[in-house]
Structure formats: C-alpha cells, structure tokens
Amino acid sequence: MDRTTRKEAIASLHQENILRAAEELFAEKGFAATTMDDIAKSAEYSKRTVYIQFPSKEEIHGRIVLKGFIQLKEHILRSLDGETDFFYKYRALCDSLITFYESSPYLFAGIVDFQTQPLDSRDLPEVKRDIFNVGEEINAILEVIILQGIAEGAVNPDTRIKEAILIYWSSLSSLIMVAHRKSSYISETMGATTNGLLEYGCNLLLRMIAKEVQDANETAAGH
C-alpha cells in the first residue's frame, strides 16, 4: 500500500467512525440539538479532526442521508430479485419499504425528510446532488415495475407514471412511520395491527394504478 492509498484508507476509517457516532446522536438527540463537540466526543476525536474530515454538521447529516438512500436502493433490489410478475414485485416492494423502516427508522425518516433542491443551484453541495441521483435511480426501479405491469395488462396504460410514483412513495412512507409510531392507538381504536393496516394501505395504493381493481386487490392480498 503506497502512502496516498494508506492516507485515503485512514481518512475513510475516520469518516466512518464519525458518521457512525453522528448517526447515533442524531437519532437520540435530534439534528438541531447535536453539536460538533458532541460528535467529536462520541467518536473519540478532537473537534479539529472532525472538521478536517467534514466541513460542517450539515455535511455529516447529508452523508448519513446518502447512505440511507444507497442502502434503501440495495434493499429494494434484493427484495425484487427472483420475483417475476407485476403483483409479486409490487408486494415485494411494499414489504421492502416496511422492513427497511423497521431495521433503520432514523435513516428512513432522513430519506422522507430530504428536501430536493434545483440541481442548477450554484451552491448545491455535492452530497445533495448525489442524494438526488440515487433517489432518481430508485424512481427508475419503480418505473420499470409499473411499465411491466402495463405490459402484463395489470396496470392502467394511461397511468401517469412519475406522478404515481411520487404519490405511492409519499403515501406509503408516511403511513409506515405513522403505523409504527401509533400502534397502540391503531389497536385500541381500530382493532387492527400495524402490519394489517400497512397491508390494507398497500392494497389501496395498488388500486390507484391497477387495471382490474377487484382482481388486483385479491391478487396482491394473496401474495
């Protein structure tokens, strides 16, 4: 290993340690209440070392959100691997979003809260551009699923795909967080479980684009 490669490896290790400590603090205390001093102390680095690796707390947060987007994309792709028709893929997609939240609720919330900015902004940080690009890659995966559904005759051919994806994502992601955070209320007032409510929500969203509503609902519920 030459000197440059070794320095890069050391910097990467420092960054991973700092990001791990920051993620734990953000999840526990919130972004606003966490300081760079807190991060340095938790990561067991000097504040100067933290600033050498990251120019600001916002950059650290952005890198954590980017990690969440990348992990979500990989999680979705793994869930779809081996699935064949549209309805199986739709069910797998819903399940993948739910299980990702359950394994990484802070990262999931960071993805949901990410604010998209115009890409032509001169002061747009590179990390936000990277987040946007990974988000578009995830949207492209969803678009392929819908196009397959149209080709199979399962999805309305006049579906406005980009709008449908945004509605699906915003609706289901919000429902996933609410269903888990208000599980007691759901049980007491509706007599339903968190998973039961989420399955119902997935089926309702499927109706938005399904060509045969009744058949699609039954098929999705049975998968």
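Between domain 1 and domain 2 the count comes to one salt bridge, meaning a side-chain nitrogen of Lys or Arg within 4 Å of a carboxyl oxygen of Asp or Glu. The partners are glutamate 23 and lysine 67, whose side chains meet at 2.6 Å, N to O. On the side of domain 1 that touches domain 2, the residues split into six nonpolar, one polar and one charged, with Ala, Val, Leu, Ile, Met, Phe, Trp, Tyr, Cys and Pro as nonpolar, Asp, Glu, Lys and Arg as charged, and the others, Gly among them, as polar.

A word on the ground rules. This is a predicted model, where local features need pLDDT of at least 70 and side-chain atom pairs count only at pLDDT 80 or more, while totals for chains, interfaces and linings use all residues. Residues are numbered from 1 along each chain as its sequence is written, and side-chain values use heavy atoms, leaving out hydrogens and water.

Now step back to the domains. Domain 1 covers 1-55 and domain 2 covers 61-208, with bounds from an automatic or database domain assignment. Their centres, taken over C-alpha atoms, are 29 Å apart. Eight residues of domain 1 are in contact with six of domain 2 (heavy atoms within 4.5 Å). Together the two domains bury about 650 Å², 68% of it on carbon and sulfur atoms; buried area is the accessible area (1.4 Å probe) that two parts lose on being put together, summed over both. In domain 1, Leu19, Glu23 and Phe26 lose the most area to domain 2, together 64% of what that side buries.
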